[in-house]
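Open the structure in your viewer and keep the selection tool at hand. Each stop tells you what to select and what is there.

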Amino acid sequence: MGQTIIEKIIARNTGMDTVKPGDIVTVQVDRVMIHDIFIPFVAEKFEEMGFTRIWDPDKAVLIYDHLVPASQVDDTRHFRIGDAFAEKYGMNNVHRSDGICHQLMTEAGYVKPGDVVFGTDSHTTTYGCVGAFSSGIGYTEMASILGTGTMWIKVPETIRVVIEGTLPSNVTSKDMILRLIGDLGADGATYRALEFSGDTVDAMSVSSRMTMANMAVECGAKCALFTPDEKTAEYCGISLTDAEQGLVGDADAAYCREIRYQAEELVPVLACPSQVDHIEPVSKLAGIKIDQVFIGSCTNGRLEDLMMAASILKGKRVAPYVKLIVTPASRLIYQQAVRNGTMEILSKAGAVITHPGCGLCCGRTGGILSDGERVVATNNRNFLGRMGTSKVEIYLASPATAAASALTGTITEPETCRL
Amino acid sequence: MGMTMAEKIIASAAGVESVRAGDIHTVELDRLMSNDGTTHLTIDMYHQKLNHPRIADIRKLVWIIDHNIPADSPKTAASHKKMRDFARAHEIDFWEGKGVCHQIMMEHYVRPGELIFGADSHTCTYGALGAFGTGVGCTDYLYAMVTGKSWLLVPETIRFNLKGKLPEGVYARDLILTIIGKIGANGANYKVMEFVGEGMKSLTMDDRIAICNLCVEAGAKTALMEVDEIAMEYLKARGREPKVSVQSDADAVFTEEYTFDLSQIVSIVAKPDFVDAVVPAEEALGVKIDEAFLGSCNNGRLSDLRVGAMILKGRKVHPHVRFLVVPASQEVYEAALEEGLIGIFMEAGAIVMNPNCSVCWGSCQGVIGAGEVLISTGTRNFKGRAGHPDSKVYLASAATVTASAAAGEIMMADRLNA
Amino acid sequence: MAETFTARVWVLGDDIDTDIIIPTEYLALKTIDDMKQYAFSPLCPELAAQIRPGDVIVAGKNFGCGSSREQAPEIIKALGIRCVIAKSFARIFFRNAINNGLLLVENPTLRDAVSEGDEVQVELGRAILHQGKEYRIASLPQNLRDIINAGGLVKAMRRRNGLD
């Protein structure tokens with residue numbers, strides 16, 4: 001019988017011929033990611049466990065992003081503990097202000113197709129965009145991996161998602177994944193792998209696939225998988241091996257569920273306050289007054305997203321009394337946006353542009369709101385209280401919807417997302 | 001007897017022929033600036049304490065959000081919303097996220113001869129354009145907002161004669177820190193610091209803004225400079241005309257006079273925890289730093305960013321230093337983008353943030369922790385100013401700050417390794 | 001391991017996410033004890049102070065969805081909650097809870113029958129008794145029982161490294 005992508009990755013990693021859902025196996029971990037919020041806890045648990053060395057320091061990556069720049073006096077304590085831990089255990093892969101962890105892991109070449117990767121953050125599912133098995137774990141679990149280089153997992157079932165056709169000109173991969181989350185529900189993919197295929201997916205950039213893999217956890221998924229192709233190879237700066245090219249779901253593989261979408265039928269959507277699976281078409285909510293727009297995060301803070309927003313904002317200005325906050329996902333992206341004129345367009349339109357990092361998404365600073373205010377944001381979560389008081393309404397959207405809404409000061413369907 | 005610049009401006013605002021230091025007059029104000037530090041308090045008082053709330057002249061008000069932007073808490077957001085809603089309802093000129101208040105005022109509003117109240121201590125900045133700008137609290141601001149007037153005790157003036165030219169690698173910031181070091185944190189208490197002399201010719205507008213901006217740190221009521229061709233060029237480029245350009249009369253009376261030879265000024269550092277605790281930068285070399293800050297109403301302008309970029313080009317920020325670069329306004333940011341300066345800072349590993357007060361204000365952006373050291377182009381280094389009470393702040397020029405960011409310790413630019 | 005205990009019930013709804021369990025702004029507080037007073041604050045600010053050691057939480061589906069912050073189960077444990085009974089659990093939360101020795105039990109119908117303040121009797125691996133009715137519950141897989149029996153992952157690793 002054929003195998004799904006996740007089964008192939010796990011089988012190869014564990015040296016077995018095949019695996020099936022429900023099997024409990026021990027994987028050899030290819031890379032781990034720890035960020036600033038949790039490094040003090042990882043460090044503490046690691047030493048409490050009695051480990052004296054990291055199994056392979058080169059496989060560990062430490063990234064400061066949630067707390068860059070620091071907004072509370074004790075934030076920098078996380079950097080000091082992180083720096084001390086990295087030095088003590090010989091970790092050289094440390095990024096102190098280069099951008100969001102999930103952006104850097106693939107951008108900086110730490111993750112390759114077929115890798116097994118864990119990170120201390122739920123959106124670690126992101127790296128499935130290059131065909132890696134990547135998933136979020138807690139800091140105690142991370143400490144045990146740092147010491148042993150292994151982790152037990154239960155082989156998940158796979159939900160196959162096939163998207164075919166051409167997306168309408170104002171629909172992005174963000175609208176696609178929000179639609180899927182709405183259809184599945186916040187727990188519709190719990191414990192499962194989401195495997196994406198179809199010619200719509202083939203036509204997407206790696207950046208667009210990244211948006212979808214990033215949000216997979218919002219329907220409970222363990223991981224998301226995309227088959228590596230030439231775009232993946234170019235993005236990762238590699239040539240694909242046969243094994244990597246073979247990371248595609250077999251025709252006779254067993255899926256617990258198959259969902260199909262015809263791209264032409266999709267429309268721009270929003271995730272409404274305060275659940276990610278509360279999905280409505282933008283057109284239904286058009287005209288609702290908003291106070292702020294946030295374009296950024298590991299979901300939609302890439303060059304493609306900034307350029308999409310810039311093409312809508314070019315030569316125009318953000319509506320009076322509305323704030324547009326733009327936070328690019330990495331230093332590299334910021335530099336690229338400066339060089340190709342995108343930053344200038346965004347600034348002239350009135351954007352408040354901050355340094356690459358998590359920014360408002362993690363809700364500590366970066367544009368916090370107050371009772372009765374509404375924000376349209378391109379990140380991945382709109383939970384109650386996430387960006388201020390429990391009386392703040394957060395609508396999740398694509399960069400195109402966000403930019404169009406910033407211009408009018410109301411929820412607005414974009415005319416196009418094409419550059 | 002002749003009048004000083006300050007006396008002339010006050011006389012005109014009071015509608016009288018002449019005034020003398022020590023007099024109290026009721027003056028008409030030309031402009032009233034308030035930022036997100038206190039405007040929400042002013043609004044509360046407006047609604048709660050007045051029997052007949054009214055605003056004398058809406059056109060004089062300028063409200064600017066610059067201290068806590070982007071907002072760092074629901075409390076900040078609520079105070080911003082209060083300010084925004086009031087400004088919107090009353091059609092008050094409102095700037096949010098466009099830059100530090102004093103930079104916005106210089107770029108868009110200040111005219112020579114004006115008398116300006118700002119609900120912020122560094123309102124003395126406007127003297128660079130020959131305007132009498134002074135900081136007031138929210139109660140004085142409210143009164144002025146409602147009536148268009150205020151009472152003013154006419155201050156005495158200390159005159160600073162500037163000669164010569166600053167040496168290469170020494171900047172206006174070093175000059176003003178030297179002056180504050182000499183006269184002390186109370187040295188100009190309640191007085192006007194007036195800057196004249198042939199040395200003025202060598203000072204650009206950015207230099208003059210940096211000098212006037214810091215005068216409150218010597219206790220000054222305000223700072224003033226004459227309007228010469230350099231100032232007129234700045235004004236004209238922005239489509240503004242003076243209200244009136246004044247100079248002190250030849251027989252005006254000054255309480256003290258100092259002469260400073262600019263060619264003798266050296267790179268300066270103000271040590272924790274006082275702005276007047278100045279020493280030559282040479283004496284502070286080697287102090288390990290955790291964070292460096294290039295920005296603020298004092299040194300966040302294009303010329304300061306140029307200095308920083310020139311030093312950092314081809315170099316990297318030290319791995320254990322957080323180097324915050326914060327242009328003082330959106331206009332400065334866009335000019336820096338165009339000149340490739342932002343690219344240089346990002347390439348070097350700096351943290352470039354939106355135009356705002358940032359770590360000079362030390363409330364929510366770039367705050368430093370216990371035991372940490374910041375070297376900064378901000379205006380103050382009081383205990384706990386940038387974050388934790390057990391942290392230290394050194395003030396220095398853009399060049400010294402940037403060199404230190406690269407070296408990981410306090411360093412002068414001309415001693416930085418290639 | 002046949003273990004039985006009685007507990008007072010606190011009731012929560014569906015999709016209780018980790019931002020509700022502990023908002024991000026408190027994650028930089030130094031200890032779990034500093035944080036636990038803010039547990040559930042966006043939804044019910046008074047709840048944390050009212051929980052007594054030995055109480056249980058009965059919740060709807062997808063409990064603990066959202067972030068991987070391990071403080072979420074740690075705080076629930078620190079408040080003294082004996083176990084969380086839910087219709088279903090989000091998977092990262094599930095692992096984190098096991099790793100911290102916080103007992104989790106799944107049952108699809110109990111939540112619809114209980115009210116705040118009710119008493120339940122929990123017989124691990126068999127059933128929960130409430131007002132005369134029995135609600136079947138399953139045992140955890142052996143490897144997870146091993147971690148819980150060891151007292152959590154830290155203790156299991158310490159044993160592996162020859163400590164304790």
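**Before you start**

This is a predicted model, in which local features need a pLDDT of at least 70, side-chain atom pairs count only at pLDDT 80 or more, and totals for chains, interfaces and linings use all residues. Residues are numbered from 1 along each chain as its sequence is written, while chains are lettered from A and ligands numbered from 1 in the order in which they are written.

**Stop 1: chain A as a whole**

Select chain A. Along its principal axes, the C-alpha trace of chain A spans about 60 × 55 × 40 Å.

Of the 419 residues in chain A, 67% are buried. Buried means that 20 or more other C-beta atoms lie within 10 Å of the residue's own; exposed means 12 or fewer, partly exposed is in between, and C-beta atoms are placed from the backbone.

**Stop 2: helix α1 of chain A**

Select residues 5-14 of chain A. Is this helix largely enclosed or largely open? Seven of the ten residues of α1(A) are buried, so the helix is largely enclosed by the rest of the structure. Show the side chains of I5(A), I6(A), E7(A), K8(A), I9(A), I10(A) and N13(A), the buried residues of α1(A). They pack against several strands of chain A, including β1 (24-28), β5 (116-119) and β8 (158-164). Now step just past the helix: G15(A) takes a positive phi of about 80°.

**Stop 3: where chains A and B meet**

Show chains A and B together. Here 40 residues of chain B are in contact with 40 residues of chain A. Contact means that the C-beta atoms of two residues, placed from the backbone, lie within 7 Å. Which element of chain B gives the most to this side? Pick α3(B), which gives seven residues.

**Stop 4: two cis peptide bonds in chain B**

Zoom in on I69(B) and P70(B), joined by a cis peptide bond with omega about 5°. P70(B) is in the loop between β3 (61-65) and α3 of chain B. Next, select P272(B) and D273(B): a cis peptide bond joins them too, with omega about 0°. D273(B) lies in the loop between β12 (268-270) and β13 (278-280) of chain B.

**Stop 5: positive phi without glycine**

Select Y321(A), which is not a glycine but has a positive phi of about 65°. Its loop runs between α13 (303-313) and β15 (323-327) of chain A. Y321(A) has 15 C-beta neighbours inside 10 Å, so it counts as partly exposed.

Jump to D15(C). D15(C) is not a glycine either, and has a positive phi of about 50°. Look for D15(C) in the loop between β1 (4-11) and α1 (18-21) of chain C. With 23 C-beta neighbours inside 10 Å, D15(C) counts as buried.

**Last stop: confidence**

Chain C averages 92, and 99% of its residues score at least 70. For the complex, the predictor gives an ipTM of 0.97 and a pTM of 0.93.

Definitions and conventions: Helix = DSSP H or I, 4+ residues; strand = E, 2+ residues; numbered from the N terminus. pLDDT = per-residue confidence, 0-100.
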